[in-house]
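Me: I would like to learn how to read some local features of a model. Shall we go through them one by one?

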Amino acid sequence: MNAKTGHQSGWAQLSASNVFIEFIDTTLRGCAQVMFQNNPLTGLFFFIAIFVGAYGEGNPAVAYGCVLGTVVATLTGLTMRDRKSWRSGLYGYNGCLVGAALPTFLVVTPVVWACIVLGSIVSVIVMVCIADILKTWKVAALTAPFVLTTWMILLASYAFSGLQSSGLPAPALPHQLMLETSAAAGGNIFVSMFNGVSQVFLFSSLIGGILFIIGLAVESLWAAVFALGGSLLALFTAIFLGANPSSIDVGLYAFSAVLTAIALGSTFNKPSWRVLAYTIVGVIFTVIVQGALNIFLAPVGIPTLTMPFVLASWLFLVPNKEVMPAHRQ
């Protein structure tokens with residue numbers, strides 16, 4: 001993810017001279033890195049958006065889980081040798097998402113809080129493992145550590161009475177989607193577009209989505225543009241393909257596409273017309289992967305999380321140096 005060095009400001013100088021402020025700065029960057037941004041102000045906007053969305057949906061544990069997961073993962077990252085990656089927040093973002101996911105799908109109990117701590121620690125270890133495997137192809141681990149760690153904990157909830165489901169999809173065999181002829185995406189496209197952005201953190205919120213976009217624009221206007229464009233294109237793609245209207249309205253077919261759009265459009269490539277075309281194809285394919293994984297994982301009753309983004313982005317980033325080497329960054 002993005003490891004750019006920001007301009008030296010008063011805050012930067014303060015964080016460089018105070019260990020406690022440095023840790024806060026790095027933790028904020030960890031939250032921002034969920035969407036590839038290396039900026040503490042972006043992370044602050046993200047945390048505000050998370051609290052707004054979590055409280056708006058009546059599940060504040062998601063917000064506190066995000067903070068706890070990011071802090072624990074950032075602390076764990078201190079044990080790694082790569083100080084530059086730690087300082088950029090690259091060890092914190094998977095823990096942030098683990099902290100959001102577990103309270104979303106499990107009844108919040110002391111056991112779940114313990115699992116957030118454990119999962120955040122493990123996400124750092126898994127990240128280093130995956131990054132080491134993928135370094136040959138010069139591809140980032142993305143959010144794969146979060147997905148794999150969370151999948152294991154959610155699957156384990158079926159085996160342990162101490163982990164009780166509150167939002168996991170009911171296990172079901174694959175079946176043809178049957179909709180009434182009158183069924184159509186009935187929500188406001190504008191609202192659904194921002195829901196797609198906020199669903200990166202597993203909730204639907206218009207205000208939260210707007211705050212995420214503002215946070216992105218603080219660090220990268222291109223990232224904000226590609227996030228909105230990716231969400232909108234994903235919505236139209238899902239509507240064209242005839243996806244479940246309620247899933248479209250709350251942004252469930254857009255959140256992975258948002259991450260794919262930012263990754264391909266502005267993080268790992270320099271924006272250009274060629275990159276735009278490449279990103280459009282990647283976003284449309286991400287929606288296809290989303291539907292495919294929804295069906296593939298249905299029998300075991302776990303959500304796709306951001307794995308559609310991970311798979312699609314890996315597929316488009318590995319040949320990137322051959323397809324558009326002049327645009328690679």
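Me: In which loop does leucine 305 lie?

Reply: First, the ground rules. This is a predicted model, where local features need pLDDT of at least 70, side-chain atom pairs count only at pLDDT 80 or more, and totals for chains, interfaces and linings use all residues. Residues are numbered from 1 along each chain as its sequence is written, and side-chain values use heavy atoms, with hydrogens and water left out. Helices are DSSP runs of H or I with at least four residues, strands are runs of E with at least two, and numbering starts at the N terminus. Leucine 305 lies in the loop between helix H14 (273–297) and helix H15 (307–317).

Me: What is the phi of leucine 305?

Reply: Most residues other than glycine have a negative phi. Leucine 305 has a positive one, near 55 degrees. Leucine 142 also has a positive phi, of about 55 degrees. Leucine 142 sits in the loop between helix H7 (110–134) and helix H8 (144–156).

Me: Is leucine 142 buried or exposed?

Reply: Buried means under 20% relative accessible area, exposed means over 50%, and partly exposed is in between (1.4 Å probe, protein chains only). Leucine 142 is buried, at 0%. Leucine 305 counts as buried too, at 4%.

Me: How many disulfides does the count come to?

Reply: A disulfide is a pair of cysteine sulfur atoms within 2.5 Å. The count here is 0. For cysteine 66, the nearest cysteine sulfur belongs to cysteine 96, 4.1 Å away. Cysteine 66 is buried, with a relative accessible area of 0%. Cysteine 129 is partly exposed, at 43%.

Me: At what angle do helix H9 and helix H10 pack?

Reply: Two packed helices are described by the angle between their axes and the distance between the axes. Axes are lines fitted to C-alpha atoms, for helices over the stretch in contact, and angles run from 0 to 180 degrees between N-to-C directions. Helix H9 (residues 189–198) and helix H10 (residues 206–219) pack at about 65 degrees, with axes 8 Å apart. H9 is therefore roughly perpendicular to H10, a label for angles of 65 to 115 degrees.

Me: Which residues of H9 and H10 make the contact?

Reply: Contact means heavy atoms within 4.5 Å. H9 contributes residues including Phe190, Val191 and Phe194, and H10 contributes residues including Leu206, Ile210 and Phe212.

Me: With which residues is alanine 61 in contact?

Reply: Alanine 61 is found in helix H4 (residues 61–77). Leaving aside neighbours within four places in sequence, alanine 61 touches Gly99, Pro103, Val108 and Trp113. Alanine 61 is buried, at 10%.

Key. Angles under 35 degrees count as roughly parallel, over 145 as roughly antiparallel, 65 to 115 as roughly perpendicular and the rest as oblique.
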